[in-house]
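Open the model in your viewer and keep the selection tool at hand. We will go from one stop to the next, and at each you will hear what to select and what is there.

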Amino acid sequence: MLPEVKKIPSRFRNALSKYRVTITKECNNCGICIKLCPYGVYKAGSKKPRVAAEHLCLGFPCSANEFYCVNKCPEKAIQLRLNPAFEILGDRRWSPDLLASTWHMAETGEIPYQGLNYKTGDSGGGFDKLRFIFPREKGPEIPDEEVSTAIELNRSGDSRPGVRIPVPFYLGGMSFGSVSIVTMLSRVKAAAALNTFCCTGEGGYPEELIPYDDHMITQVATGLFGVSEESLKRVRIVEFKYAQGAKPGLGGHLLGDKVTPRVARMREAVAGSALFSPFPFHSVYSVEDHKKHVDWIKQTNSRALVSVKVSTPTDVDMVAVGSYYAGAHIIQLDGSYGGTGAAPDIAKKNIAMPIEYAVPKVHKFLSEEGIRDKITIIASGGIRSAYDMAKAIALGANGVCLGTADLVALECIRCHHCESGRGCARGIATTDEQLTNLMELEWATQRIINMYLTWRRQLVSILKRLGMKSVTELVGRFDVIGHLDYIKQEEIEGELEL
Amino acid sequence: MPAKYHIHTAQAANRFQLITRSGVIAWEEGCLKCPSCVKKACVYKVYEKRGIDSRQMLESLDSVCKDCFRCVQGCPKQLIQKGFNPAYKALGDHYWTPEVISGLWYQAEAGRIPVSGGGYGGAFSGPGFDTMWTDMSEIVRPTRDGIHGREYISTTTDIGRKLMALEFDETGALSVTPPPVVEIPLPLLLDMLPWSPPGMGIKLAILEGAKSLETFAIIRQSDFTPAMKEYLPNIALYIDGQVSDIEPSVLSALRLIELPYSKKVIVAQNTLKKTNPGLVTIIRMDLNPDSAEEVVRLTKEGAEAIHLVADEYGLERSDRPLFIKERTRDIHLRLVEAGVRDQITLISGGGIAMAEHVAKQIICGSDLLSVDIPLLIAMECRVCRRCKEGIACPVELEGVDPVWGAGRIRNLMAAWHNQLLEILGAMGIREVKRLRGEMGRAMFFEDLEKDIFATLGRRG
């Protein structure tokens with residue numbers, strides 16, 4: 001059973017929008033615009049209507065419509081123009097359009113209609129140049145409810161329980177300390193509502209999470225912060241973090257300012273002093289050492305699945321094989337372009353390969369080794385949309401792991417200043433009490449749920465167009481995606497979606 | 001334990017107001033004078049800290065604003081907006097982009113490496129150095145000591161010719177004299193500038209920078225003045241006149257000399273080395289499609305070090321130029337094929353704009369690099385190139401204080417050094433010497449695209 005969409009508007013007075021609508025002095029408050037607009041852009045006002053929701057405005061394409069307020073206003077008092085502040089938002093990976101689309105999904109649970117590009121960003125490569133190739137001939141109509149988006153995480157065939165999630169994704173670790181307790185809890189609650197998982201990250205297991213034990217993945221990372229036998233025993237999945245895409249080969253660093261007394265207690269550290277999570281595991285210098293780690297977890301918790309999170313070096317395929325033979329159920333490939341925490345810019349841009357390369361490389365290699373069916377590949381690091389998710393699966397992943405998209409649903413604008421002073425000024429990645437209060441738990445939880453429900457619907461529609469009844473049919477289907485630089489419409493049988 | 005190389009950094013404030021990506025636009029008209037104005041609630045206290053710089057008539061606000069949009073989204077009359085700063089877009093050019101320039105400014109000011117949250121926000125790949133990624137190692141590390149083990153990573157590089165083997169006579173005594181080698185603690189030389197405003201301040205800042213970094217600045221013979229004598233241990237003199245014009249005391253104090261390339265350059269090198277046997281000579285030549293062949297020939301004839309210089313965009317001299325990293329790969333591999341790679345030191349320059357370029361260029365086969373324009377940018381240069389036209393520098397570099405300038409250069413190089421350590425650390429490599437030519441520890445766009453994306457979309 002999936003949760004329901006509820007409308008959850010922006011928590012700020014003025015939502016950020018692509019268009020700006022202003023009503024000039026000429027307005028006689030006739031109210032025509034309020035009646036005309038089917039999107040609820042206007043609200044009644046005492047002297048003139050109030051522009052209450054510019055971000056819901058269709059913009060210039062609306063001029064073709066009967067209800068285009070700019071033309072219908074008897075006093076010509078409505079001005080519509082592009083919002084000059086809009087282009088400053090985000091970056092090339094998360095374009096302003098992609099941000100606004102995500103906000104729209106989080107607010108309404110609907111695919112945006114405002115002419116926003118919600119399928120790709122502006123990075124000029126990778127996912128942004130990959131397109132699905134849909135069959136020209138429509139097959140028999142498949143009803144939505146017959147399309148399955150569920151995946152099984154334990155494919156090993158061992159005696160441990162199966163863990164089936166109804167959506168091909170779970171939420172990645174953001175430690176307590178790097179994000180606020182509201183952010184952390186909202187992600188966990190959303191994961192529970194969607195019947196999937198959320199990872200604790202490396203900051204320990206706050207007691208607020210105990211009610212959600214069945215939906216938690218607890219992380220064992222190099223600093224071993226907050227790792228205890230008791231917390232390892234609570235969960236159904238334990239994740240080893242060898243490396244992370246945002247800073248491959250580098251340790252973690254939590255600034256002293258963020259180590260509040262509570263954070264310190266949970267991490268068994270001293271408040272106010274910076275915490276370093278070293279790289280790599282100082283107890284692992286070989287695949288044999290790695291197996292010892294996996295065995296340790298399996299011994300501690302007899303029902304848990306073990307996931308191994310690694311970055312994407314040149315020999316990522318060998319790393320994956322090693323993880324499999326050490327007994328991992330899940331290998332999570334964390335590509336270099338993702339991540340949420342603070343990291344040196346040089347590492348984010350240059351070290352390790354993007355996930356779009358790593359996933360097919362590992363998928364092919366494991367297939368050739370004859371072990372692809374025995375392990376679950378989870379792709380992460382730079383998956384921004386339902387389309388990225390579907391493309392990652394077509395490239396060979398079983399499912400994906402997400403983080404940044406959640407933060408965007410909570411109205412992150414990707415200013416990249418998570419680490420400045422008191423932390424995120426928008427109250428997402430901060431432990432500052434006042435800033436944390438900018439966001440309510442119910443609000444945040446529902447925003448994330450809304451976004452992912454919309455993603456799921458998009459995935460279902462992609463699968464249907466491909467004539468597939470299950471997302472498991474999409475895994476590694478290199479024939480249903482093409483890259484715009486190497487494939488032309490006239491060379492293929494299907495329809496390249498541009 | 002031997003002393004570790006450490007670059008001392010100290011905040012060196014900008015002299016001019018920063019040119020920022022975006023600016024705040026706030027109107028007064030229509031203001032409701034709310035008792036709890038969003039400007040007062042600014043998390044970064046931008047509006048409290050604001051002030052007008054009287055020299056430039058610029059607001060300080062924009063250099064403090066961190067684009068959180070709280071005020072934009074909070075003002076009930078929507079009187080605050082943000083807009084792109086046209087002056088930012090106009091900085092530099094397609095290669096020396098506003099992002100590159102402002103990144104260098106930050107590092108020169110703070111001496112720290114740029115760190116930000118929220119993952120990577122740039123292009124998937126791009127031209128030049130943006131077509132490669134460096135490797136990392138999941139488990140193998142140089143050492144398990146220290147927080148990252150990076151305290152033990154060496155960035156020391158040698159300049160000079162190497163013997164491939166020692167030879168001994170019948171009595172067991174060494175029968176060959178090892179050629180002189182100059183060792184520098186970071187793989188960077190400070191090069192002559194392709195263009196620059198006039199004035200001694202800039203040159204002295206670079207010299208002082210080279211001295212405190214324990215490396216060398218390449219100085220034209222024609223620019224050399226007696227005031228520079230105290231910097232002789234850190235000068236690589238570029239011969240643009242007659243060797244006979246150099247004072248003997250200067251010549252004997254020099255450890256590095258750079259000779260312009262000519263067909264007879266080896267003869268000139270040998271003559272020089274007769275006068276000062278401790279001298280290491282570098283042959284400076286334009287990078288071009290024939291470089292590989294010429295470098296192999298010079299190496300076989302006894303060259304010690306070759307400095308291959310591309311233009312300021314990293315392009316070789318040709319009608320259809322290759323980028324510096326591509327040509328260097330070609331040269332490196334040709335030297336390897338000829339079995340002489342380890343005898344020669346390859347120095348590359350031109351278009352080295354960011355710390356990542358240092359690591360990537362070394363992976364592609366250079367032993368060390370020369371850096372030029374970033375030295376000016378460290379001193380707030382905006383890459384407007386007006387000085388080339390003889391127009392006054394907008395940031396008054398003609399009269400720059402050499403002490404301040406040297407501090408900025410030191411800060412920038414410290415940040416680059418630290419970033420180089422990050423890359424080496426992630427790869428589990430303990431010395432920058434071992435990074436040279438390690439192309440197997442890098443991933444190239446062309447290869448990955450061909451292997452993976454070019455095969456997609458085919459039925460059956």
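Start by selecting strand E16 of chain B, residues 368–371. Both of its faces are covered: Leu368(B) and Ser370(B) on one side, and Leu369(B) and Val371(B) on the other, are all buried. Here a residue counts as buried if 20 or more other C-beta atoms lie within 10 Å of its own, as exposed if 12 or fewer do, and as partly exposed in between, with C-beta atoms placed from the backbone. Strands (E, at least two residues) and helices (H or I, at least four) are DSSP runs, numbered from the N terminus.

Before moving on, a word on what you are looking at: this is a predicted model, in which local features need pLDDT of at least 70, side-chain atom pairs count only at pLDDT 80 or more, and totals for chains, interfaces and linings use all residues. Residues are numbered from 1 along each chain as its sequence is written, while chains are lettered from A and ligands numbered from 1 in the order in which they are written.

Which strand pairs with E16(B) through residues 188–190? That is strand E9 of chain B, joined to E16(B) in the parallel sense over three bridges; two strands are said to pair if DSSP finds at least two bridges between them. Within this pairing, Leu188(B) has Leu369(B) as its bridge partner. Next show strand E15 of chain B, residues 345–349, which is also parallel to E16(B) and is linked to that strand by three bridges. Look for Gly349(B) opposite Ser370(B).

Stay in chain B and select two helices, H9 (residues 291–300) and H10 (residues 324–337). Their axes are 9 Å apart and meet at an angle of about 35°; axes are lines fitted to C-alpha atoms, for helices over the stretch in contact, and angles run from 0 to 180 degrees between N-to-C directions. To see the contact, show side chains for Ser291(B), Ala292(B), Val295(B), Val296(B) and Thr299(B) of H9(B), together with Arg327(B), Asp330(B), Ile331(B), Arg334(B) and Leu335(B) of H10(B). Two residues are in contact if their C-beta atoms, placed from the backbone, lie within 7 Å.

Zoom out and colour chain B by domain. Domain 1 covers 22–90 and domain 2 covers 150–448, with bounds that come from an automatic or database domain assignment. Taken over C-alpha atoms, the centres of these two domains of chain B are 45 Å apart.

Do likewise for chain A, where domain 1 is 19–82 and domain 2 is 144–483. There the centres are separated by 43 Å, again over C-alpha atoms. Chain A holds 14 helices and 20 strands, and its C-alpha atoms fill a box of roughly 80 × 60 × 40 Å along the principal axes. Of its 498 residues, 57% are buried. Among contacts in chain A with a separation of 6 or more, 68% link residues 24 or more positions apart.

Next select strand E5 of chain A, residues 130–134. Where does E5(A) sit in its sheet? The order is E19-E5-E20 (chain A), an open sheet of three strands with antiparallel pairing. E19 (481–483) and E20 (495–496) of chain A stand at the edges, each with a single partner strand, so one side of each has no neighbour in the sheet. E5(A) is mostly covered, with four of its five residues buried. Three bridges tie E5(A) to E19(A): Phe132(A) has Ile481(A) as its partner, and Arg131(A) stands opposite Gly482(A). Two bridges join E5(A) to E20(A), where Phe134(A) is partnered by Glu495(A).

Show both chains for the next stop. In all, 82 residues of chain A are in contact with 61 residues of chain B. On the chain A side, strand E16 (343–344), helix H9 (345–350), helix H10 (355–368) and E19 each supply at least two residues. H9(A) gives the most, with six residues.

Finish at Lys233(A), in helix H5 (residues 229–234) of chain A. Lys233(A) is partly exposed, with 15 other C-beta atoms within 10 Å. Apart from neighbours within four places in sequence, Lys233(A) is in contact with Thr300(A) and Asn301(A).
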